Amino acid sequence: MANVYLLDGDAETALSSFEDGLFSALLAKKRQFGKICRFDTSKLPFDSAACIEFLNDEQNESDNLTQTLMRRVLPKFTQLPTINTIIWAGVKGNAEFIENGAWSGDSTCSFPYLPRHYSLWVRDQLGYEDAKLIEVQAACASSTFGIAIGADLIVSGRSRSVLIVAADIVSRFSFIGFSALNVLSSSVCRPFDVDRDGLLLGDGAVAVLLAGEDYVKDLGLTPLAQLSGWGIANDANHITAPARDGRGLISAMTQALRKANVKPRDIGAFCAHGTGTIYNDAMELTAIEAVFGDRHFPVFSVKGALGHTLGAAGGIEALICAKAFAEGVVPPTIGLKCPELKSHGRVSFEKQEFDNKRMMTCNSGFGGVNVALILEDV
Amino acid sequence: MKVYVTGAAIVKRDMYATLRSGIVKMNAEELFQIAHLNAILAKKSSRFGRFDQYTRIGLAAVGLALHDARLDTTDRVRNIGFILAGQYGSFVTDLTFYETTVDGGQFASPNLFSYTLPNIVIGECAHQFGLIGPTFCLDSDGERAHGALCEAALYLEENSVEAMLVGWLEVLPKQAPKGDEGAIVLVFEKKKNKDAFQLELETDCRNGMKFLTGEVVNSIDKLLQALKMVDISIQKQKNMSLK
């Protein structure tokens with residue numbers, strides 16, 4: 001199988017940008033949640049999220065907030081010789097058009113949402129006119145799916161380079177929706193904690209460049225990591241609740257291990273989806289135990305610091321894994337106070353060293369989707 | 001490697017068609033009165049009443065296509081994947097959900113919010129038919145569902161995947177430009193299926209799938225043409241009795 005590399009990437013979160021010290025901020029146990037000012041939450045039982053401060057100030061007339069956020073992660077990718085495929089993996093970019101009334105019955109808005117709005121816009125901004133466009137939707141695992149699909153494109157020889165881009169803001173649409181589902185935390189997001197009570201949303205954007213060996217050599221760059229395995233599976237259980245036995249995630253993890261031709265013991269650390277909801281985290285711990293047995297090794301979640309950035313989450317987490325190789329440690333699970341029994345010896349509120357150069361990162365989402373990636377240090 | 005199209009379904013507002021049935025005039029709202037679709041829902045789902053139109057049409061098309069291939073038993077899970085193309089996704093449901101967020105969002109519908117993602121219909125199909133393979137929405141530029149067909153071809157070449165569904169699903173909001181609406185679902189198997197019609201194809205890692213003539217399958221419409229669904233079904237056209 002041809003080698004696939006995570007060649008470069010950039011991300012934006014409320015805590016920091018990838019370039020400006022996101023990893024350091026995680027090691028320093030910072031988090032960035034506050035009362036939402038973007039829309040009225042006075043009639044809702046929840047009011048907290050990780051919104052990027054002053055993002056509105058950067059907004060120009062033709063862009064919405066999602067595009068404004070994306071403008072922060074795209075500049076790094078404007079000077080490449082070419083990009084063969086652009087994959088858009090944002091989840092609810094259309095919400096801003098709905099919120100602005102562009103689709104209401106009496107709208108006279110001349111710029112309503114149209115399909116492929118964001119993928120076309122990204123291509124336009126970057127100037128790679130010949131790049132093929134793909135839009136992927138796999139709920140909160142979308143950018144991770146985008147990475148897996150991008151890897152397929154490279155291995156099959158259909159693309160030499162694939163840019164996966166995703167952005168989701170804390171929109172009124174999504175916030176009210178998650179509030180109605182009663183899955184938001186009313187206090188602090190505490191992944192894998194016995195007292196966890198839900199997730200917190202966050203603004204997030206990510207761009208990840210995948211490339212094959214020839215492309216990497218042509219550019220003469222050192223990749224951030226090698227992507228050696230990936231797997232995708234469905235729970236076939238429920239549209240919003242994960243299978244309690246973790247069967248879909250176990251299958252995705254097992255496929256990724258098989259593709260990377262490694263054993264569970266070869267994985268040095270695990271970046272979990274870790275939303276802080278009761279059922280997601282319990283399911284993940286069950287799946288980890290099923291695949292890794294009783295082995296103690298570092299497991300962590302960053303959502304207690306960044307919030308859940310929906311479609312962008314998995315891509316951001318893949319970049320954090322790549323950075324962990326360089327730093328030799330994985331970040332603490334921020335928000336954690338009293339770990340779940342099954343997470344003892346794995347999840348920690350301190351940074352953790354890991355003993356080899358291979359990590360697994362996983363995401364799951366509505367619709368029963370699960371995806372696992374294996375990244376290797378290069 | 002060789003792959004076989006063993007089932008196909010088209011669902012429109014006023015008709016459906018499969019390889020076995022040909023065109024059948026029927027309002028899409030009545031599709032779940034067809035015995036095998038009704039039996040599936042009666043057996044496992046208590047959520048049918050909650051489905052939005054997008055989910056109902058998509059689930060009906062998957063049920064019809066799997067029945068065409070005689071793969072619609074629901075008593076076990078199978079490593080079958082589903083890749084779905086389409087441009088607007090759940091947009092109509094998104095608009096409906098947003099209408100419930102007036103009054104500060106305190107009365108917003110959690111059920112409608114659950115259906116405001118394009119891949120939820122896949123989740124419902126996975127639950128109904130035990131599909132545990134790779135499932136996601138993938139839309140690409142170029143011809144209809146070409147990207148989804150290419151990706152499905154790669155999965156079919158993997159040992160663990162038993163079959164793949166490739167579909168296209170579109171329900172347009174009323175303000176959208178006029179366009180095609182409805183659902184198309186095809187079943188691709190890796191082995192010949194003695195119980196089903198089959199169109200033989202070859203996978204091609206660079207181009208997705210090819211006909212045996214070497215012509216690239218660059219859209220789902222090309223396959224429908226090759227399956228002669230229109231020609232066959234005109235001869236078989238009939239009105240469905242709902243008794």
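In this predicted model, A:H238 lies in the loop that connects β8 (225–234) with α8 (247–260) of chain A.

Chain A contributes 45 residues to the contact and chain B contributes 48. On the side of chain B that touches chain A, at least two residues come from each of α3 (91–99), α4 (110–114), α5 (120–129), β5 (135–140) and α6 (146–156). By residue class, this side of chain B comprises 23 nonpolar, 18 polar and 7 charged residues. The two chains are also joined through strand pairing: strand β5 (residues 132–137) of chain A runs antiparallel to β5(B), and 4 bridges link them. Within this pairing, A:V136 stands opposite B:L138.

The next topic is the nonpolar core. The largest such core holds 219 residues, and the members that touch the most others are A:L210 and B:A65. Within chain A, both domain 1 (4–219) and domain 2 (228–376) supply at least three residues to this core. Which residues surround A:L210, leaving aside its neighbours within four places in sequence? A:L210 is in contact with A:V4, A:Y5, A:L6 and A:L7, with A:I147, A:G150, A:A151 and A:I154, with A:S161, A:V162 and A:I164, and with A:L227.

Finally, chain A may be considered as a whole. Its secondary structure consists of 11 helices and 14 strands. The C-alpha trace spans about 60 × 50 × 40 Å along its principal axes. A compact globule of 378 residues would have a radius of gyration near 21 Å, and the 19 Å of chain A therefore agrees with that description. Of the 378 residues of chain A, 63% count as buried. Among contacts in chain A with a separation of 6 or more, 79% are between residues 24 or more positions apart.

Methods
Residues numbered from 1 in each chain as written. Chains lettered and ligands numbered in written order. Predicted model: local features only at pLDDT ≥ 70, side-chain atom pairs only at ≥ 80, totals over all residues. Core = buried A, V, L, I, M, F, W, Y, C linked by C-beta atoms within 7 Å. Buried ≥ 20, exposed ≤ 12 C-beta atoms within 10 Å, placed from the backbone. Domains from an automatic or database assignment. Contact = placed C-beta atoms within 7 Å. Nonpolar A, V, L, I, M, F, W, Y, C, P; charged D, E, K, R; others polar. Pairing = 2+ DSSP bridges. Rg over C-alpha atoms; globule rule 2.2 N^0.38 Å.
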